Amino acid sequence: MLVSGGELLLRARREGYAVGAFNIQNLEGLWAVTGAAVEERSPVIVAISPGAIRYGGLRLLATAVRTVAEDLPVPLALHLDHGEDLETVSRCLEAGFTSVMIDGSHLPFQENVALTRKAVELAHQKGVSVEGELGRLAGMEEKSVEEREALLTDPAQAEEFVRLTGVDALAVSIGTSHGAYKFKGEPRLDFERLKLVRERVEVPLVLHGASSVPPWAVEKASRYGAQLPGAKGIPEEHLKRAISLGIAKVNIDTDLRLAFTATVREVLATSPGEFDPRKILGPAREAMKEVVREKMRLFGSSGRAVG
Ligand code: TD3
Ligand code: ZN
């Protein structure tokens, strides 16, 4: 069933687990993510970014997700990831999203507050919850202490941001970044900062850039010709710790892309006579589904859809 994003996260926060938000761009992704949720009996957030909207079309993607959600035996929230402006937010509200993110993290504090507050006004009129972001996601290596401080979420500012905007969830910057190259050296997250934010902020917290970039996926893709030197993500233990410290939503995109692409490469390389898209994309979406299932178990959302 289609549910409000806010409700999913409040329950996760209360019970101490996290709901995965998995990005999709097409039907393969939708099948993989919802298939995993059913098999794990897990609540799930299907995330669609502005890039995905440009690729797949807003109405078509939204209709597909809502149609699947109707008959789904587990709760699903349809979420706009990294909404860039109020027009995108409005279009998604119109299309039946049950959760939206407005990302003003690149703006000066007051401008981020103003933009986010407007998104909250629009969305709350329709009973839709809003995620805002404070602090910027960026590689933290080769940065001075001052530069890091400027990028990571400030706990006192976070408290003020939530109070001034009325957001239902807050994305924080504690050292993660998007993509497959998150660290050059040892993976490090600022857990102390997360604790301080948690002490001051009541609403559920969100971790972006949370893919683990598992070695098996990088190796499999590389075996069949991919070139991903230095790819590195967030260790699973770090994610568990972040969830124990109050993260209630974890965003995953890169790991799904890697699993999908590694499998497409494998099929093409090992079955050169194959040209039926179903025989190529079928195994790929199956691999993607297995990754989503593992995330659900790691985040503690497996089995939460019942009782
Ligand atoms: O918001 N997202 C998904 C879009 C980013 C493009 O990769 C995330 O925070 C996912 O982060 P990750 O670690 O999967 O790249
Ligand atoms: Zn993100």
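Start with the largest pocket: 18 residues line it, and those nearest its centre are Asn23, His178, Asp253, Thr254 and Arg257. A pocket here is an open set of points on a 1 Å grid over the protein atoms alone, with protein on both sides within 12 Å along at least five of seven lines, and lining residues have an atom within 4 Å of a point. This is a predicted model, where local features need pLDDT of at least 70, side-chain atom pairs count only at pLDDT 80 or more, and totals for chains, interfaces and linings use all residues. Residues are numbered from 1 along each chain as its sequence is written, and side-chain values use heavy atoms, with hydrogens and water left out.

Back to that pocket. The space in it comes to about 340 Å³, a volume being the space filled by probe spheres set on the grid points, which are joined across faces, edges and corners. Strand 3 (76–83), strand 8 (247–252) and helix 12 (254–270) each put at least two residues into the lining; helices (H or I, at least four residues) and strands (E, at least two) are DSSP runs, numbered from the N terminus. Sorted by class, the lining has eleven polar, four charged and three nonpolar residues. For that sorting, Ala, Val, Leu, Ile, Met, Phe, Trp, Tyr, Cys and Pro count as nonpolar, Asp, Glu, Lys and Arg as charged, and the others, Gly among them, as polar.

The second largest pocket holds about 230 Å³. Of its 16 lining residues, Ser105, Leu134, Gly135, Ala150 and Gln157 sit nearest the centre. Helix 7 makes the largest contribution to this lining, with three residues, and the classes split into seven nonpolar, six polar and three charged.

Now for the nonpolar cores (sets of buried Ala, Val, Leu, Ile, Met, Phe, Trp, Tyr and Cys residues joined through side-chain atoms within 4.5 Å). Buried means under 20% relative accessible area, with a 1.4 Å probe and protein chains only. The largest core has 79 residues, and Ile48, Phe97, Val100 and Leu170 have the most contacts inside it. Helix 13 (residues 277–299) gives the most to this core, nine residues. A separate core of 15 residues includes Val3, Leu9, Ala12 and Ala47.

What does Leu170 touch, beyond its neighbours within four places in sequence? Its contacts (heavy atoms within 4.5 Å) include Gly132, Leu134, Phe161, Val203 and Pro204.

Terms used
Chains lettered and ligands numbered in written order. Buried < 20%, exposed > 50% of the residue type's maximum accessible area, 1.4 Å probe, protein only. 1 Å grid on protein atoms, 1.4 Å probe; cavity = no way out; pocket = protein on both sides within 12 Å on 5 of 7 lines; lining within 4 Å.
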